[in-house]
Amino acid sequence: MKKFLSLLLSIAIITVAFPVCISAEDIVSDEVFKACVEISPVEPVFNDSDIVNSGKDISVKVSAEENTGISSVWINLNFDPDVFTVEEINATDLFGSGKSIAKAFDGFIRYNARLSLDVSANTGLLFEAVFTVSPDFHGEAEFSVSLRDGLADNCSKYDATSETFFATVPFVGDTEIVDIHSITDKGITTSPTCTDAGYTIHTCEKCGKTFTGNIIDALGHDIISYERKIPTKTEAGWNAYEACANCDYSTLAEIPPLEYDLGDANGDEIVSASDVTYISRKLSGSSISVTSGADVNYDGDVSAADMTILRRKLAGANIEIK
């Protein structure tokens, strides 16, 4: 009788620690364990590029994206062994040291975390694997995460109220499609300019599709500022403007040569005291006509200031109009 009771106790202990079968009634409807897949090239074609290149290595990370609490999970990372060859696998200690393992099989990597009666809601990286892509493959290939053997009880948590002491936690997997190309060229590089970004273009040698990357921002203009130059009767002028030292960008708006020299108010092609008289009479209300040369300071208006400047210039003052 004692041996029989001891045997029953051993079976009960084993059942608690390592559940074999969980019924549908044990499913926890408001809980979830969601796994996701992230794929990236080990040596990108471009900086920060996600292009997968045939014959090269890729990193595949499987993470717990959502986790309301589990005590055990068995999942598979499924792949085509004719396309991908496993080179390296590293399981993390997300659920504690020595609690998780990941091992490669033909066409899948099996990951298992067993926490016995503990429950963990940790999220993060479960394991990372490095694969080499077949140099002969071109096209789409798939990675997917699923429960081992598709059985719901392979994702569970300890629950003392359950008849089996474990309750199934709904599992949500993930599938990622990888578009694989064959890029071996050095690329065609276009340098950035003041206004346009620089970039490199690579071409897949098998399908001809092009990829643009290594984007370098436009350089922007190297601005030089120029002061206004007042036109003369023989030379054009311009208002103050900006121009780039490295390209043809410019805000220059040329002003054509003047019809009359500044100060030639009466249009006789000589700047003299009579021009001062003409300006004075015009400012006094006379109907006398003056030329555009009456605007001696070139401010767009004929005023007493023009008459003053002209008088000083005729008296020998060195006055420069800017």
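Visitor: Which residues form the negative surface patch here?

Guide: A patch takes residues with over 30% relative accessible area and no salt bridge, where like charges are joined within 9 Å and nonpolar side chains (Val, Leu, Ile, Met, Phe, Trp, Tyr) within 5 Å. Lys and Arg count as positive, Asp and Glu as negative, while His and the chain ends are not counted. A charge is placed at NZ of Lys, CZ of Arg, CG of Asp or CD of Glu. In this predicted model, E43, D57, E87 and E88 make up the negative patch. By the way, local features need pLDDT of at least 70, side-chain atom pairs count only at pLDDT 80 or more, and totals for chains, interfaces and linings use all residues. Residues are numbered from 1 along each chain as its sequence is written, and side-chain values use heavy atoms, with hydrogens and water left out.

Visitor: Is E88 buried or exposed, or partly exposed?

Guide: Buried means under 20% relative accessible area, exposed means over 50%, and partly exposed is in between (1.4 Å probe, protein chains only). The areas come from the Shrake-Rupley method. E88 has 41%, so E88 is partly exposed. You'll find E88 in strand β5.

Visitor: Okay, strands. What is the order of the five strands in the open sheet?

Guide: General idea first: strands of a sheet pair through backbone hydrogen bonds, either parallel or antiparallel. Strands (E, at least two residues) and helices (H or I, at least four) are DSSP runs numbered from the N terminus, and two strands pair if DSSP finds at least two bridges between them. Here the order is β5-β8-β3-β1-β12, with mixed pairing. β5 (84-91) and β12 (171-172) are at the edges with a single partner strand each, so one side of each has no neighbour in the sheet.

Visitor: How many bridges join β1 to β3?

Guide: Nine, and the two strands, β1 (residues 33-41) and β3 (residues 57-67), run antiparallel.

Visitor: Which residue forms a salt bridge with K233?

Guide: That's E269, with the closest N and O atoms 3.5 Å apart. K233 sits in the loop between β17 (223-226) and β18 (237-238) and E269 in the loop between β20 (254-255) and α2, so this pair ties together parts 36 residues apart in sequence. K233 is partly exposed at 32%, whereas E269 is exposed at 59%.

Visitor: One last thing: which value of phi does N214 have?

Guide: Most residues other than glycine have a negative phi. N214 isn't a glycine, yet its phi is positive, near 50°. N214 lies in strand β16 (residues 210-216). Y298, not a glycine either, has a positive phi of about 55°, and Y298 lies in the loop between α2 (273-283) and α3 (304-314).

Definitions and conventions:
Accessible areas come from the Shrake-Rupley method with a 1.4 Å probe; for residues, only the protein chains shown count as cover. A salt bridge is a side-chain nitrogen of Lys or Arg within 4 Å of a carboxyl oxygen of Asp or Glu.
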